[in-house]
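Please read them with the structure open.

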Amino acid sequence: RGMLLAELRAWRDDRARGGNAQGRERTSIRAENYMILRAPDAAGHKLAGQVHDPATRKSRRAARVAEKLRRNRRLWDLAQEAMRDVDPTFASRCTEMAVTYGFVGSPHIDKQNCGPFYGLALGDFEEGTGGVCVECSARVVAVVDT
């Protein structure tokens, strides 16, 4: 995980790779840096919005998505490798990932990410910090100490 953490820190320090000028694509997310990376091809099928079509605006979006992945390909590959180590089947189906730095969250219902996901926290954390929280039900939150 050392190479992934080093790449995450390199991404954090390079604003050209970290989303927008503020370092966050979704400004409502409490994080120093935040971006979404999308797979160029999921299980042999192009993802919606990533197929180059000169007759539509999708071609510009596809170009932006592809360029962002190109700038961050090493980060994508290292994160995929970490996922493959624990769940190769899920890693083969993974179509996007949220990359954050300095994320601070609270229990909530995520309306934009409602599918299965993995959470991974990297770094040096003091006792009781750095955990990943997942809603088990409407009233129960599991805290995984990383």
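1. The protein chain has four helices and four strands. Both are DSSP runs numbered from the N terminus: H or I over at least four residues for helices, E over at least two for strands. Read from the N terminus, the order is α-β-α-α-α-β-β-β.

2. This is a predicted model; local features need pLDDT of at least 70, side-chain atom pairs count only at pLDDT 80 or more, and totals for chains, interfaces and linings use all residues. Residues are numbered from 1 along each chain as its sequence is written, and side-chain values use heavy atoms, with hydrogens and water left out.

3. Of the 146 residues in the protein chain, 27% are buried. Buried means under 20% relative accessible area, exposed over 50%, and partly exposed in between (1.4 Å probe, protein chains only). Among contacts (heavy atoms within 4.5 Å) with a separation of 6 or more, 51% join residues 24 or more positions apart.

4. The largest nonpolar core holds 19 residues, and Leu37, Met97 and Val99 have the most contacts inside it. Such a core is a set of buried Ala, Val, Leu, Ile, Met, Phe, Trp, Tyr and Cys residues joined through side-chain atoms within 4.5 Å. At least two residues each come from helix 1 (2-13), strand 1 (33-38), helix 3 (73-86), helix 4 (88-93) and strand 2 (96-101). Helix 3 gives the largest share, six residues.

5. What does Val99 touch? Setting aside residues up to four places away in sequence, Val99 meets Leu8, Trp11, Asn33, Tyr34, Met35, Leu37 and Leu75.

6. Helix 1 has 12 residues and spans 17 Å from first C-alpha to last, close to the 16 Å expected at 1.5 Å a residue. That expected span is 1.5 Å times one less than the number of residues. Its buried residues are Leu4, Leu5, Glu7, Leu8, Trp11 and Arg12. Seen down the axis of helix 1, they fall within an arc of 165 degrees (directions from the helix axis to the C-beta atoms), so they line one face. They pack against strand 1, helix 3 and strand 2. The face turned away carries exposed Gly2 and Asp13.

7. The charged end of Arg12 sits over the ring of Tyr101, 4.6 Å from its centre. The criterion is NZ of Lys or CZ of Arg within 6 Å of the ring centre and within 35 degrees of the ring normal.

8. Asn72 lies in the loop between helix 2 (58-71) and helix 3. Is Asn72 buried or exposed? Asn72 is buried, at a relative accessible area of 0%. Beyond its neighbours within four places in sequence, Asn72 contacts Trp11, Arg17, Met35 and Leu37.
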